[in-house]
Amino acid sequence: MRVAIVGGGIAGLAAAYELEKARGAGADVEYTLFESRDRLGGSLASENVNGIVLERGPDSFLSEKLAGAELCRDLGLGDQLVPSNDANRKTYIVVKNRLVPLPDGLMFLIPTKLVPTALSGLFSPATKIRMALELLHPPRPSEQDESVAALVERHFGKEAVDRLADPLLSGIYGGDATQLSARTVLPRLVEMETQYGSLTRGMLAAHKQMRARMAAARHASANGGPAPGAGSEMRSVPRSIFTSLKGGLQQLVDALESRLNPDWIRKSTAVTGLERDGDGWLLRAGDINQLYDAVILASPAWAAGKLLATADARLGDELGAIPYSSSITVNLVFDEAQLGRLPDGFGFLVPAVEGRAMLACTFVHRKFVGRTPTGKAVLRAFLGGAKNEALLDQSDEVLVATVRRELSEILGPRIAGPHIPAEATQVSRWRRAMAQYAVGHQERMERVNDYVAELPGLRLAGNAYDGIGIPDCIRTGRQAARGLVTEKQAVAGSL
């Protein structure tokens, strides 16, 4: 079986690695990995600047999504995994140039502790009263999809959308809470509303169940075996919220590339055509016209849609309609002694209603211990998102100056004023890189899956379909490859 993999980001790399493993185990499979850029890894890109690890793209992955750490261990990188420094984790929201900490007891978007919420400066008295009364909401069946903003506003009011939901989701998706699908992005909250009515009561019930499972897991550990009701996932409770690699996520890219057959990798080679040819797929890329038995499209959905327009216009249109946002990261390196004292914690989020270019800022030297030398500070700003795409056309100098000005206004000139010299600056742009799960995404995916099923040998992988994080991309890439190998073996076994 000959497989073409289109897209050399983490999803495509994971798919190629899985095919390489199958080949090593005796499967009759060959693959070609096509990547339009001159490097693999997509937005996973790290640099070491004077002993400081700087990430141009994402800096970590969620620990609770196991596919990320599992692949790292599979590649021999287990001893390189580094947890986030959650003991010092504290996040602020910018409100009128003030940093207001998220109140204790906030479980993602849901306030679960009355006193900290009542004392928080994040919300007005009217919103706090509404949050208290939210406990009285009756169960509400979920009849159709709606935006995250509509769900949150119905329970806690518009201020909760502006100061909580929008900045939190913008930091994850680079998106707009008024456009993101509640069923896709916050399925647990939709289920809680159906069962409990009140999201606060639902979250408290879920937290109680989690504590019971953790107690069962501790019981199992103390007695050398599983306790009733203790699932395997609770016997390995993640120690941190985020996980990264000591040398940056580029380590993962490099490890994957080293495991692949270099003769089967085509960098700087854009695929320009793809169509059905008998039982296979005819692929065109530059002067290459090659027939493959199967294709894994691990490129962005908008690119995959263009390639599939000939094979199935319906599928091409559906993929092309998945919206994307762009992002910018600006890394600033300082001598910590020259900065004023930064607030405790990991950094802050900036609501769109504040009218700023920045979406968030991370104090990188605190988030992961050991990746920044003592005495150095790294401030990492995020810009762009669904509401400010025009920033991508500004020069590096303008973007750095914008970030420096806003940091000075938010943190204070004595802490991060423009007069404090930066030892290094780094600007990275990621155009149309973050898929947006808009209202109706699940219904769209049902149609997409139906259309794909009608095209033998086709698989999709990446962040546009079933999760936007690095582990999700890894999972979909590996599943796509395994599915093709399993299908091929089943066909061979029936002959």
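## Terms and model

Here, buried means under 20% relative accessible area, exposed means over 50%, and partly exposed covers the range in between, using a 1.4 Å probe and protein chains only. By that scale Arg-23, at 32% relative accessibility, counts as partly exposed; we will come back to this residue below.

This is a predicted model, in which local features need pLDDT of at least 70 and side-chain atom pairs count only at pLDDT 80 or more, while totals for chains, interfaces and linings use all residues. Residues are numbered from 1 along each chain as its sequence is written, and side-chain values use heavy atoms, with hydrogens and water left out.

## Overall fold

Let us start with the whole chain. The protein chain has 17 helices and 22 strands; these are DSSP runs numbered from the N terminus, with helices (H or I) of at least four residues and strands (E) of at least two. Along its principal axes, the C-alpha trace spans about 70 × 55 × 50 Å. For 495 residues, a compact globule would have a radius of gyration near 23 Å, and the 24 Å of the protein chain agrees with that. The radius is taken over C-alpha atoms, and the globule rule is 2.2 Å times the number of residues to the power 0.38.

Of the 495 residues, 55% count as buried. The chain exposes about 22,000 Å², with carbon and sulfur atoms supplying 51% of this area; accessible areas come from the Shrake-Rupley method with a 1.4 Å probe, and for residues only the protein chains shown count as cover. Contact means heavy atoms within 4.5 Å. Among contacts between residues at least 6 apart in sequence, 73% join residues at least 24 apart.

Two strands pair if DSSP finds at least two bridges between them.

Between β6 and β11 (residues 242-245), the antiparallel pairing runs over three bridges. To find this pairing in the view, look for Val-82, which stands opposite Ser-244 in β11.

## Salt bridges

Side chains of opposite charge can pair when their charged atoms come close. A salt bridge here is a side-chain nitrogen of Lys or Arg within 4 Å of a carboxyl oxygen of Asp or Glu, and by this rule the count comes to 32. One of them brings back Arg-23, which meets Glu-20 at 2.9 Å, N to O. Both residues lie in helix α1 (residues 10-24), three residues apart, about one turn of the helix. Glu-20 is buried, at 15% relative accessible area, whereas Arg-23 is partly exposed.

Helix α17 (residues 470-494) holds another pair at a spacing of three residues, again about one turn: Asp-472 and Arg-475. Their closest N and O atoms are 3.1 Å apart. Asp-472 is buried, with a relative accessible area of 4%, and Arg-475 is partly exposed at 24%. Salt bridges that share partners also join Glu-18, Lys-21, Asp-74, Arg-478 and Arg-482 into one network. Elsewhere, Arg-154 and Glu-146 form a salt bridge at 2.7 Å, N to O; Arg-154 is partly exposed at 22%, while Glu-146 is buried at 19%.

## Cysteines

A disulfide is a pair of cysteine sulfur atoms within 2.5 Å, and the structure holds zero of them. For Cys-72, the nearest cysteine sulfur is that of Cys-473, 14 Å away. Cys-72 is buried, with a relative accessible area of 0%, and Cys-361 is buried too, at 2%.

## Around helix α14

Ser-408 sits in helix α14 (residues 396-411), with a relative accessible area of 12%, and is buried. Not counting residues up to four places away in sequence, Ser-408 touches Pro-413, Ala-416, Gly-417 and Pro-418.

Leu-391 lies in the loop between β20 (376-384) and α14 and counts as buried at 7% relative accessibility. Leaving aside neighbours within four places in sequence, Leu-391 is in contact with Ile-328, Ala-357, Leu-383, Gly-384 and Leu-399. Glu-446 is 55 residues from Leu-391 along the chain, and their C-alpha atoms are separated by 35 Å.
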